[in-house]
Amino acid sequence: MGKTKHTGPIKLPAKPDPKLWVSKIPFGLGKVKPKHIRETAKIAWQNRDNLPYAVRILTQGVCDGCALGVSGLYDQTLVGPHICTTRLNVLRLNTMPAIREELLHADIDELSRMSSTELRQLGRIPYPLIRKKGERRFRRATWDEALDTVASKMRGLNPKQMAFYLTARGITNESYYVAAKVARLLGTNNIDNASRICHSPSKTALKRSVGVGASTCNYKDWIGTDVLVFWGSVAANNQPVSTKYMYAAKRKGTKIIVINPYYEPSMEQYWIPSIAESALFGTKLADDVYQVNIGGDIAFMNGIMKVWFEMEAREPGSAIDHAFVAAHTNGIEELRAHVAQQDWTTLTQSSGLTRERISELAAILARAASAVFVWSMGLTQHRFGTDNISQVANLALLRGFLGREYCGLMPIRGHSGVQGSGEMGADPFSLPGGEISSAADRKRIEQLWGFELPSWQGDIVGVTLENALLPEEQERKLRLFYTSGGNFLETMPDPEFVRQSLTNIDVRVHQDIILNTSTLLDAREAVVVLPAMTRYEQPGGGTSTSTERMVYFSPEIAGPRIGEARAEWDIYVDLARRVKPEATALLGCGTAEAIRAEIAQAAPSYDGIQHLRERGDVFQSGGAWLCEDGVCPTPDGRGRLLPIELPELRKPEGHFAVTTRRGKQFNSMIYSDVDPFNEADRYDVLIHKEDAKGLALNEGEAIVVYNGYGSMHGRVKQADVKQGNIEVHWPEGNSLIPKGVYEPFAGIPEYNTAVIVEKAETYHAHKDTRYVEKRILELETEMEG
């Protein structure tokens with residue numbers, strides 16, 4: 001852990017800088033861009049029935065949107081207020097009234113005709129619900145009936161036949177911790193969280209490369225670093241307040257580089273509403289964009305290192321920080337030999353970038369005295385996601401961009417609570433402050449908790465869903481699934497398979513604040529719905545951990561309360577007491593304050609959380625920089641330089657590589673059918689104009705995107721996406737993604753594949769039902785021949 005403390009927010013320059021303006025036309029009139037003023041007015045109108053409460057949430061609570069970490073209207077990076085439309089869109093989840101009874105108890109077929117957006121707009125879940133096999137409506141239940149139903153089922157199960165899952169919708173560290181403790185008390189290690197499908201490779205790769213599982217630096221390090229690289233991250237869309245940090249960085253002379261298959265408009269230019277100059281004239285953000293093939297990032301980074309080693313051969317010290325590498329890393333010679341054998345033809349074909357373009361970025365980074373690498377799902381959601389991130393770590397280690405100001409490795413989180421999930425132990429591989437695989441960590445937690453932990457390896461959530469379809473006699477046949485939030489129908493690959501899995505579980509428990517499409521699915525015995533409080537309603541308040549490891553206290557905020565909703569952690573405790581009344585004395589966790597006191601003992605890096613009590617209280621876990629001065633918390637104190645093999649990117653002739661992207665949404669919650677940055681519809685397929693021309697496709701024309709896993713009907717949207725690649729929206733495009741393909745180290749599902757694009761009229765003209773299979777086989781045979 002670092003010894004240097006965060007020094008607090010800094011001021012923005014007062015004088016405007018016209019060189020950064022996008023246009024002299026005020027407010028970007030006539031341009032495709034978000035209409036922040038109009039949207040803010042619309043959101044205020046939506047919250048008009050609870051406006052004073054909405055204002056208190058915004059000014060007193062910690063943001064329950066992305067993980068930038070805004071407490072009230074302020075953060076630890078920049079002086080002045082911050083607000084963004086992502087937070088404002090999520091706001092209504094906290095202020096809306098309960099669902100009307102006539103809607104809540106409507107026929108399940110009627111409710112099932114609604115989308116998740118429509119279900120969300122119905123309002124909050126007011127009291128426990130049960131729907132047993134054959135029943136066509138939810139009926140009201142008491143808390144005793146609902147929890148006794150779940151507890152009775154649990155008592156009759158092998159613990160390997162039940163599983164817990166926690167999403168990241170405003171869930172606090174306290175809830176993650178209690179869920180992790182309760183799961184182990186009940187004998188199961190089948191507990192997972194939303195990080196599994198977003199940043200699990202980041203934690204895994206950083207642990208093996210530099211010994212930490214979180215961002216090594218702060219947002220302040222963006223502001224003044226020589227180079228700020230966004231790799232597979234569209235922070236302007238997913239974490240809008242980050243554009244304010246980018247603006248501050250530009251004013252300090254930082255060069256911003258974006259690496260992505262699609263030239264995302266929001267990363268090129270943005271109108272930042274909380275900065276007057278930018279709100280009026282916009283801000284040019286990206287200095288350059290490197291359009292890499294989907295999955296071509298490892299080749300790109302191998303190319304950069306190849307250039308560096310070639311530079312070193314000509315002029316020692318021109319690219320590698322030899323003093324840092326010698327003092328703080330292992331593996332330089334193995335990495336050098338590995339990179340030397342890479343041939344440029346393969347690297348350029350795989351990456352999609354010319355040798356000249358690769359050399360360009362290599363030279364920029366070689367000349368830089370400092371750099372921060374920021375990444376997101378563009379790097380992690382691959383079957384080789386961990387290798388992607390270790391490659392980024394290789395770049396940082398070779399240049400010494402670690403453990404000091406203006407340098408670092410940052411997996412930018414998309415949810416306000418997800419950083420703490422694994423750190424609290426809500427993960428099949430983790431315990432609070434440690435790992436399941438560590439005998440020392442297991443012993444430490446067993447001594448603290450007072451009971452023996454289950455010794456078998458728990459399953460990741462994707463495997464948990466697969467286990468629902470195991471034969472009846474199988475030991476791990478999933479019979480009870482307890483989810484806090486989440487909608488796997490709209491987040492996991494192959495939605496039809498997910499539907500089959502969820503309906504094949506005996507008892508499904510949905511602990512949530514709203515209904516979604518998965519809540520309405522049948523179960524073999526019963527579906528139990530438990531109403532949860534938001535983070536702003538929970539007695540004693542709660543904490544969340546930001547991307548930069550700031551642990552913020554969010555107080556309980558006075559306002560209306562929803563029916564019988566309870567704090568998430570309190571529901572877990574009550575359930576455990578019913579399943580194992582003899583173990584009640586071991587549970588503890590009776591108040592939020594008691595939970596925080598226990599977290600401080602269980603997770604050493606969270607020592608300080610026990611002192612968070614008032615609005616604005618915050619501390620940073622691990623100090624300003626992890627691996628400070630290059631010293632890594634690995635057995636020998638050194639980072640590991642790892643030779644990373646190029647992944648096989650098998651794209652048959654006639655196919656396109658496809659990946660998914662986010663539009664106007666927060667996770668799977670969609671707030672607009674049209675993307676405000678490029679005017680794309682949810683079913684628009686982003687394709688390069690030359691690719692469209694080659695297929696004789698016109699703008700707006702109906703097409704079918706398909707492969708052996710599924711199909712998607714959409715329309716042509718010509719865009720500046722890398723040739724040979726297309727992008728579709730998530731989750732609409734998940735039907736194209738194969739199930740059961742997981743990254744071997746971190747277990748994240750693969751969200752990229754190869755597809756065929758055809759005119760809809762051609763696709764549907766073929767009466768032969770085996771056309772798709774024959775067409776795929778035909779193209780693959782052509783490639784092999």
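In which loop does R479 lie? Select R479: this residue is found in the loop that runs between α23 (461-467) and β15 (480-484). Please bear in mind throughout that the model is predicted.

**Stop 1: R479 and its surroundings**

With R479 selected, consider its accessibility. The relative value is 13%, under the 20% cut-off, so R479 counts as buried. Next, display the backbone of E472; its oxygen is reached by the side chain of R479 at 2.9 Å. Then extend the selection to the residues in contact with R479. Neighbours within four places in sequence being set aside, these are K153, L157, Q161, E472, I505, D506, V507 and R524.

**Stop 2**

Select D427 and R196. Their side chains form a salt bridge, with N and O 3.1 Å apart. The pair connects distant parts of the chain, as the two residues are 231 residues apart. D427 belongs to the loop between α21 (419-423) and β13 (430-431), while R196 belongs to the loop between β4 (191-193) and α9 (200-210).

**Stop 3: a salt bridge between two helices**

Move on to R208 and D387, which also form a salt bridge; the closest N and O atoms are 2.6 Å apart. R208 is located in helix α9 and D387 in helix α20 (residues 385-399), so this pair ties together parts 179 residues apart in sequence. D387 is buried, its relative accessible area being 17%.

**Stop 4: a salt bridge within one helix**

Now select R444 and D441, whose side chains meet in a salt bridge at 3.2 Å, N to O. Both residues are in helix α22 (residues 439-449); because they are 3 residues apart, about one helical turn separates them. R444 is partly exposed, with 24% relative accessible area, whereas D441 is buried at 14%. To place these pairs in context, a selection of every salt bridge in the structure would return 46.

**Stop 5: the network that includes R479**

Select K153, E472, K477, R479, D506, R524 and E525 together. Salt bridges with shared partners join these residues into one network.

**Stop 6: V258 in strand β6**

Select V258, which lies in strand β6 (residues 255-259). This residue is buried, with a relative accessible area of 2%. Which residues are in contact with V258, apart from its neighbours within four places in sequence? They are F230, M267, A286, D288, V289 and Y290.

**Stop 7: helices α8 and α27**

Two packed helices are described by the angle and the distance between their axes. Display helix α8 (residues 173-185) together with helix α27 (residues 592-602): their axes come within 10 Å and cross at roughly 70°. That angle makes α8 roughly perpendicular to α27. To inspect the contact, select N173, E174, Y177, V178 and K181 in α8, which meet A592, I595, R596, E598, I599 and A602 in α27.

**Stop 8: an annotated segment**

Finally, select residues 658-754, where an unreviewed UniProt entry places the feature "domain: Molybdopterin dinucleotide-binding". Over this segment the chain is 6% helix and 33% strand, and its end C-alpha atoms are 6 Å apart.

Notes. Residues numbered from 1 in each chain as written. Predicted model: local features only at pLDDT ≥ 70, side-chain atom pairs only at ≥ 80, totals over all residues. Heavy atoms only, no water. UniProt positions renumbered as here; feature names shortened; annotations may be inferred. Helix = DSSP H or I, 4+ residues; strand = E, 2+ residues; numbered from the N terminus. Buried < 20%, exposed > 50% of the residue type's maximum accessible area, 1.4 Å probe, protein only. Polar contact = N/O pair within 3.5 Å; in protein donor to acceptor, adjacent residues only side chain to side chain. Contact = heavy atoms within 4.5 Å. Salt bridge = Lys/Arg side-chain N within 4 Å of Asp/Glu carboxyl O. Axes fitted to C-alpha atoms, helices over the stretch in contact; angles between N-to-C directions. Parallel < 35°, antiparallel > 145°, perpendicular 65-115°, else oblique.
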